[in-house]
Amino acid sequence: MSLSFRGGLLPATNWRVRPAIRCAGALAVLIFAFCLSPFASSFVANTQAPAANRGVVRLKVRYKSAEGTKDLPRKRFFLIKGSLEENKSLIEKAKQTEVMSRDCYYRAKGASAALIKWLKDNDCESPYCREVEDKYLSGADAVPEFQAAFEQALRELKDREIARRWLANYLSPELRFGFYEQKQKALRALMAEAEAPTKPPVMSIMTDRKGTAYLTNIDPGTYTISNLIGSETEKTSILWICEREVKATDLGVAMKRPFMLSNEKDPKVKCEIVERPLPVCP
């Protein structure tokens, strides 16, 4: 199995072969975890200084729920060349694409209530999302899967701190990155449509913890901005499909004029919003 990233394939290491291979593959997993994080996208976006004749979009995504208006952190959005009309086929496929929710996926894989709570509290799609703290290895907040993985890591690595940091590598593949792979499979099908041979490459970016992202170095023109697969909030999944004309500008202007996306209809923004309630898991 290989994990797809723009620019190539990163092989997924089999962490159950030998302890030596685990240690040798640590760097690959670190890169994998970094690529999943919002910092990777933000780093790339902010180090590409746009030329004077290029465009910049400051994306700001938020949603309104029963608890008030919140930013949408750590969610990936795509910049696709062409208007909504020109991307009609892709849009229809995106609206018809549904993936199993995070909670339902982990319940189906037999995850404990404690692990599901950890994922929800930290807004994570996999245990690679963030480092597991000591409090989740014992006491009232303990996560059984983390405890078992930590004990196995400790037996093989002989160092408590290293074992804690790398315990995610000792979880089953389904818990490590199964949910991520499920979403990637659906995205690959949509990207095949978006990146047909006659179309330019699609640009993507992930929002930071405040729901902000920067798309830079863009050819002026009309684009479709979408997350392609609905982003989960507390109780719903929200799919944005929006049209945006990008003009040559600089970062300073883009900072003052963010492109705001919300689940509330804005007549000034040409958007189709599909919001669905999250399913009740068995």
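Student: Which side chain does K70 meet in a salt bridge?
Tutor: That of E67, at 2.5 Å, N to O. A salt bridge here is a side-chain nitrogen of Lys or Arg within 4 Å of a carboxyl oxygen of Asp or Glu. Keep in mind that this is a predicted model: local features need pLDDT of at least 70, side-chain atom pairs count only at pLDDT 80 or more, and totals for chains, interfaces and linings use all residues. Residues are numbered from 1 along each chain as its sequence is written, and side-chain values use heavy atoms, with hydrogens and water left out.

Student: Is E67 buried or exposed?
Tutor: Exposed, because its relative accessible area is 62%. K70 counts as partly exposed, at 26%. The cut-offs are under 20% for buried and over 50% for exposed, with partly exposed in between (1.4 Å probe, protein chains only).

Student: How many salt bridges in the whole structure?
Tutor: The search finds 21.

Student: What does D123 pair with?
Tutor: K75, with the closest N and O atoms 3.5 Å apart. This pair links distant parts of the chain, 48 residues apart: D123 is in the loop between α6 and α7, K75 in the loop between β4 and β5 (76-81). Helices (H or I, at least four residues) and strands (E, at least two) are DSSP runs, numbered from the N terminus.

Student: And K75, buried or exposed?
Tutor: Buried, since its relative accessibility is 8%. D123 is at 24%, so it counts as partly exposed.

Student: Which residue does D134 bridge to?
Tutor: R160, at 3.6 Å, N to O. Again the pair links distant parts of the chain: D134 sits in the loop between α6 and α7, R160 in helix α8 (residues 160-165), 26 residues apart. D134 is partly exposed at 39%, and R160 is partly exposed at 47%.

Student: Which residues form a network of salt bridges?
Tutor: E131, E161, R164 and R165 are linked in one.

Student: Switching topic. Where is Y136?
Tutor: In the loop between α6 (113-121) and α7 (144-157). Y136 is buried, because its relative accessible area is 13%.

Student: What is Y136 in contact with, past its sequence neighbours?
Tutor: Leaving aside neighbours within four places in sequence, Y136 contacts W118, N122, D141, A142, V143, F146 and Q147. Contact means heavy atoms within 4.5 Å. Y136 and F146 are 10 residues apart in sequence and 7.2 Å apart in space, C-alpha to C-alpha.

Student: Which members of the largest nonpolar core touch the most others?
Tutor: Y106, L115, W118, V132, F146 and L167, out of 25 residues. α5, α6, α7 and α9 each give two or more residues to this core. Such a core is a set of buried Ala, Val, Leu, Ile, Met, Phe, Trp, Tyr and Cys residues joined through side-chain atoms within 4.5 Å. Another core, of 21 residues, lies apart from it; F77, L79, W240 and C242 are among its members.

Student: What does Y106 touch?
Tutor: Not counting residues up to four places away in sequence, Y106 touches A111, I116, L119, E125, S126, P127, L175 and F179.

Student: What lines the second largest cavity?
Tutor: I80, L90, I91, A94, T224, S226, L228 and I241. The second largest cavity's volume is about 40 Å³. Its lining divides into 6 nonpolar, 2 polar and no charged residues. α4 gives the most, 3 residues.

Terms used: 1 Å grid on protein atoms, 1.4 Å probe; cavity = no way out; pocket = protein on both sides within 12 Å on 5 of 7 lines; lining within 4 Å. Points joined across faces, edges and corners; volume = space filled by probe spheres on them. Nonpolar A, V, L, I, M, F, W, Y, C, P; charged D, E, K, R; others polar.
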